[in-house]
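Work through the exercises below with the sequence and the model at hand. Each task is followed by a solution in steps.

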Amino acid sequence: DEAQRSIERLGSKSPEHTQQTLAMMERTVEIEAQQGGAPTLMDLLKGTDLRRTIITCLMYASQNFAGNLIANQATFFFEREKFPFNDNGQAPVTDSGAEAGISPDRAFDLNLINSCLQFIANALSWPLTAWFRRRTIYLYGTAVNVTLLMILGIVASIPQTSGTNYAQAVLGIIISFVYAGALGPISYTIIAETSTVRL
């Protein structure tokens, strides 16, 4: 009864859908109970459970490959006051003659904007998961972020000016937004649904 109330509360479309979902959950628990015995950590590395373990580990690892590091280290990338010195031992200058980089105050402002946008993106991910499949959200989110990371890498590899520095900051914010709205939350949904009840 408690499971049925939870299914209804989480947005079941009809009583029939609620009953089907509940029956599927009960059947899954029965199948896993038939495997019997007290599972150990070694069961994570056997048969179908090994595949589940690999999926879970790769989901965690893939977060860092598709924007999580940028999202968590945004302030560091924003606040690169000085770039490596040139052959004369002088800091490089921008087109306007000022040192390339973003001031600590502006970096702080950008970080606040980044945090607010991440919050909004995360809130938008709730209805997004109801409209689209998990695989669709994950793959499209990954494709967008990998593309943006490549552009960010290109911008970071050309001669630096204040314009390129701001471009990197904006790309970092967009990457963080996409990550917080797609890859971040959906990864934990997939991870939670991949593992077996008995393990």
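**Exercise 1. Helix α3 against helix α8**

List the residues through which α3 and α8 meet, then classify the contact and the geometry of the pair.

Solution. The model is predicted.
Step 1: on the α3 side the contact holds Arg-52, Ile-55, Thr-56, Met-59, Tyr-60 and Gln-63, and on the α8 side Tyr-179, Gly-184, Ser-187, Tyr-188, Ile-190, Ile-191 and Thr-194.
Step 2: sorted by class, the residues of this contact are seven nonpolar, five polar and one charged.
Step 3: α3 spans residues 47-65, and its axis lies 10 Å from that of α8, at an angle of about 160°.
Step 4: angles over 145 degrees count as roughly antiparallel, and α3 and α8 are therefore roughly antiparallel to each other.
Step 5: the crossing of α3 and α8 is left-handed.

**Exercise 2. Helix α1 against helix α2**

Describe how α1 and α2 pack, giving the angle and the distance between their axes.

Solution. 
Step 1: α1 covers residues 2-9 and α2 residues 15-34; the angle between them is about 130° and their axes are 10 Å apart.
Step 2: the pair is therefore oblique.
Step 3: α1 and α2 cross in the right-handed sense.
Step 4: α1 contributes Ala-3, Gln-4, Ile-7 and Glu-8 to the contact, while α2 contributes Thr-18, Gln-19, Thr-21, Leu-22 and Met-25.
Step 5: by class, this contact of α1 with α2 comprises four nonpolar, four polar and one charged residues.

**Exercise 3. The largest nonpolar core**

Which residues make up the largest nonpolar core, and which elements give two or more residues to this core?

Solution. 
Step 1: the core has 10 residues, namely Met-59, Ala-66, Ile-137, Tyr-138, Tyr-179, Ala-182, Leu-183, Ile-186, Ile-190 and Ile-191.
Step 2: the elements that supply two or more of them are α7 (134-157) and α8 (162-194).
Step 3: α8 gives the most, with six residues.
Step 4: another core, of seven residues, lies apart from this one and includes Ile-70, Val-155, Leu-171 and Ile-175.

**Exercise 4. The chain as a whole**

How many helices and strands does the protein have, and what share of its residues counts as buried?

Solution. 
Step 1: there are eight helices and zero strands, so from the N terminus on the order reads α-α-α-α-α-α-α-α.
Step 2: of the 199 residues, 32% count as buried.
Step 3: among contacts between residues at least 6 apart in sequence, 70% join residues at least 24 apart.

Key: Residues are numbered from 1 along each chain as its sequence is written. This is a predicted model: local features need pLDDT of at least 70, side-chain atom pairs count only at pLDDT 80 or more; totals for chains, interfaces and linings use all residues. Side-chain values use heavy atoms; hydrogens and water are left out. A nonpolar core is a set of buried Ala, Val, Leu, Ile, Met, Phe, Trp, Tyr and Cys residues joined through side-chain atoms within 4.5 Å. Buried means under 20% relative accessible area, exposed over 50%, partly exposed in between (1.4 Å probe, protein chains only). Helices (H or I, at least four residues) and strands (E, at least two) are DSSP runs, numbered from the N terminus. Axes are lines fitted to C-alpha atoms, for helices over the stretch in contact, and angles run from 0 to 180 degrees between N-to-C directions. Angles under 35 degrees count as roughly parallel, over 145 as roughly antiparallel, 65 to 115 as roughly perpendicular and the rest as oblique. A crossing is left-handed if the near helix is turned anticlockwise from the far one by less than a right angle, and right-handed if clockwise. Contact means heavy atoms within 4.5 Å. Ala, Val, Leu, Ile, Met, Phe, Trp, Tyr, Cys and Pro count as nonpolar, Asp, Glu, Lys and Arg as charged, and the others, Gly among them, as polar.
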